[in-house]
Amino acid sequence: RRHRLVEARLCEMALSYRKKLSKAKGQNASPLEQSVAQALYDLEQSSSDLKHDLRHLNITGAKDIDVAGGKKAVAVYVPFRQLNNFHKIQARLVHELEKKFSG
């Protein structure tokens, strides 16, 4: 019984990014998109500050971009209808995502 519970929890964790990622039917998510969506899901679950704001928000894509100085950035694409809600939490969200993805 415990094994099944652990197995179910691992399956839930593996698929939890899908709650935060909206792709057109037939399109597969890239590993980067899965990572960003999983980070959003994790923040929603762990950050009391962002939990309420992230509950109804998702992304449509993410892309690596080369910037000056040989650095990289991640562009996160959001649905137009959710753009204003993302703008409200953008500073806090960028800070949290930078902590997760810097390295």
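Author: The largest pocket has a volume of about 520 Å³. A pocket here is an open set of points on a 1 Å grid over the protein atoms alone, where a 1.4 Å probe fits, with protein on both sides within 12 Å along at least five of seven lines. Grid points are joined across faces, edges and corners, and the volume is the space filled by probe spheres set on them. Lining residues have an atom within 4 Å of a point. There are 18 of them, and the closest to the pocket centre are Val74, Val76, Leu93, Val94 and Leu97.

This is a predicted model: local features need pLDDT of at least 70, side-chain atom pairs count only at pLDDT 80 or more, and totals for chains, interfaces and linings use all residues. Residues are numbered from 1 along each chain as its sequence is written, and side-chain values use heavy atoms, with hydrogens and water left out.

Three elements each supply at least two lining residues: α2 (31-46), β2 (71-77) and α4 (83-101). Helices (H or I, at least four residues) and strands (E, at least two) are DSSP runs, numbered from the N terminus. The most comes from α4, with nine residues. By class, the lining has 12 nonpolar, three polar and three charged residues. Nonpolar means Ala, Val, Leu, Ile, Met, Phe, Trp, Tyr, Cys and Pro; charged means Asp, Glu, Lys and Arg; the others, Gly among them, are polar.

Now the core. The largest nonpolar core has 18 residues, and Leu21, Leu43, Leu54, Ile59, Ile89 and Leu93 have the most contacts inside it. Such a core is a set of buried Ala, Val, Leu, Ile, Met, Phe, Trp, Tyr and Cys residues joined through side-chain atoms within 4.5 Å. The elements giving two or more residues to this core are α2 and α4. Its largest share, six residues, is from α2. Beyond residues up to four places away in sequence, Ile89 touches Leu50, Asp53, Leu54 and Leu57 (contact: heavy atoms within 4.5 Å).

Helix α2 also holds Glu33. Glu33 counts as buried because its relative accessibility is 8%, where buried means under 20% relative accessible area with a 1.4 Å probe, protein chains only. A polar atom of the Glu33 side chain lies 2.9 Å from the backbone nitrogen of Ser30. Leaving aside neighbours within four places in sequence, the contacts of Glu33 include Leu21 and Ile59.

Finally, the whole chain. Four helices and two strands make up its elements, in the order α-α-α-β-β-α. Of its 103 residues, 29% are buried.

Definitions and conventions
Buried means under 20% relative accessible area, exposed over 50%, partly exposed in between (1.4 Å probe, protein chains only). A polar contact is a pair of N or O atoms within 3.5 Å; within protein, one must be able to donate a hydrogen and the other to accept it, and residues adjacent in sequence count only if both atoms are side-chain atoms.
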